[in-house]
Every structure is written in structure tokens, then in C-alpha cells.
Amino acid sequence: SDAFTFKTSGGVNLIGNKITYNRVYGQWQYNTTVTPVAANTAYVFPLGTADTNNIATVGSTSRLIAGAAGTYNLQFSVQANNDDNGSEHLAYIWLRKNGSDVTGSMGRVGIAKGTSTAPVIAAWNYIVDSANTTDYWEIAYAVDDATHVSFPAYTSTAFGPSTASIITTLTPVGA
């Protein structure tokens with residue numbers, strides 16, 4: 001047979017033609033330029049507005065909360081700009097879980113001199129585990145020169161849409 005019958009814990013048949021499967025997912029974008037205040041100082045990226053989400057939420061502007069135990073693929077992309085025409089600079093980006101840095105998660109992104117008209121886009125993903133509904137992750141960063149390095153957002157043009165400074169997604173791993 002190709003039919004299923006669902007029952008309550010009391011053995012009563014559930015009636016209906018729709019099953020709601022509450023998968024955890026979300027995508028957020030931050031549409032404002034992020035400018036670090038000081039060099040070699042850790043900050044966290046704000047996550048911004050949800051494009052779509054189910055169960056997963058944002059807390060304290062930067063905390064990605066899955067809302068359910070499980071294994072997830074956390075992805076992000078961020079634009080990095082260097083308006084210094086004389087020197088290359090570095091941006092450091094890493095993952096935090098529940099406020100603590102995740103060992104081995106930091107990447108170093110070289111930003112060529114004078115990239116104010118052509119920012120570098122850094123993007124990668126992490127497989128993360130949530131043991132409970134309150135676990136959260138943050139994407140932390142630092143730069144070696146706060147005077148010249150920023151993470152820009154751009155308004156729409158005559159030929160294309162606006163550009164977020166950072167886009168973050170969370171999807172479940174597995175079925």
C-alpha cells in the first residue's frame with residue numbers, strides 16, 4: 001500500500017491531507033556597510049533581515065539560533081573592501097559557538113590594495129552541531145587596518161539589485 005495512517009499517542013487516527021514537516025532553515029542578509037572601529041580587535045557580524053526562515057532565528061543581532069537539536073550547514077559570504085591604494089590588508093573571519101571561538105575555524109582573507117571598486121568576496125561553510133534549542137553561532141571577524149578595511153553593502157543600480165555586506169544561511173544536514 002502507498003498510504004500512511006498517523007495516530008496520536010492515544011491511538012486515535014489523525015485526519016487531514018497535509019503533513020507539516022518543521023525543518024530548521026534560514027537565510028539572512030545585512031544591508032548596511034560594516035566598518036570595524038579598531039584593528040586587531042574581534043567583532044561579530046550582524047545577521048540582518050531574514051529572507052526566509054523556519055524555526056531558526058536571530059538573537060542579539062548577531063546570534064544564529066537553530067532552535068532545534070541537529071546537525072547543520074552554516075554558510076556565509078561577505079564582501080571585503082580595502083580603500084588603501086598602497087598596501088594589501090587582511091581580514092580574519094571565524095566561527096563562535098555560544099560565545100566561544102571554535103578551534104581551527106579562522107580563515108585569513110587577503111584584500112588587495114585599492115579594491116574599493118571591486119571588493120573581495122569571502123565565502124565558506126561549516127558543519128555545526130546543536131545539542132539543544134538554545135545553542136547559537138556567530139561569525140566573528142577582525143582586520144589588520146580599521147582605517148582602510150570595511151565590509152560594504154551597495155544600493156541597487158540601473159541594471160541590478162542591491163548588494164548585502166553579508167549573507168548567512170543555515171540548512172539541516174541529512175534528510
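L74 is in contact with L64, L95, W124, N125, Y126, V128, W137, I139, T168, T169 and L170, once residues up to four places away in sequence are set aside. This description rests on a predicted model, in which L74 is also listed, together with F45, V78, I93, F151 and L170, among the residues that have the most contacts inside the largest nonpolar core. The secondary structure around these residues consists of 13 strands and 0 helices.

**The nonpolar core**

- The largest nonpolar core comprises 30 residues, and F45, L74, V78, I93, F151 and L170 are those with the most contacts within it.
- At least two residues of this core come from each of β6, β7 (89-97), β9 (107-111), β10 (120-130), β11 (136-143) and β13, and the greatest contribution is that of β6, which supplies 5 residues.

**Strand β13 and its partners**

- Strand β13 (residues 166-172) runs antiparallel to strand β1 (residues 25-30), to which it is joined by 5 bridges; within this pairing W28 stands opposite T168, while Q29 has I167 as its bridge partner.
- Strand β6 (residues 70-82) also pairs with β13 in the antiparallel sense, here over 7 bridges, and S77 stands opposite I167 in that pairing.
- Strand β1 is in turn paired with strand β3 (residues 49-54), again antiparallel and over 5 bridges, with W28 standing opposite A50 of β3.

**T169 within β13**

- T169, which belongs to strand β13, counts as buried because its relative accessible area is 14%, under the 20% cut-off.
- Apart from neighbours within four places in sequence, the residues in contact with T169 are G26, Q27, N73, L74 and Q75.

**Overall dimensions and contacts**

- The C-alpha trace of the protein spans about 75 × 40 × 30 Å along its principal axes, and the radius of gyration is 20 Å, whereas a compact globule of 175 residues would have a value near 16 Å.
- Buried residues account for 35% of the 175 residues in the protein, and the exposed surface comes to about 9,800 Å², of which carbon and sulfur atoms supply 51%.

Methods: Residues are numbered from 1 along each chain as its sequence is written. This is a predicted model: local features need pLDDT of at least 70, side-chain atom pairs count only at pLDDT 80 or more; totals for chains, interfaces and linings use all residues. Side-chain values use heavy atoms; hydrogens and water are left out. Two strands pair if DSSP finds at least two bridges between them. Helices (H or I, at least four residues) and strands (E, at least two) are DSSP runs, numbered from the N terminus. A nonpolar core is a set of buried Ala, Val, Leu, Ile, Met, Phe, Trp, Tyr and Cys residues joined through side-chain atoms within 4.5 Å. Buried means under 20% relative accessible area, exposed over 50%, partly exposed in between (1.4 Å probe, protein chains only). Contact means heavy atoms within 4.5 Å. The radius of gyration is taken over C-alpha atoms; the globule rule is 2.2 Å times the number of residues to the power 0.38. Accessible areas come from the Shrake-Rupley method with a 1.4 Å probe; for residues, only the protein chains shown count as cover.
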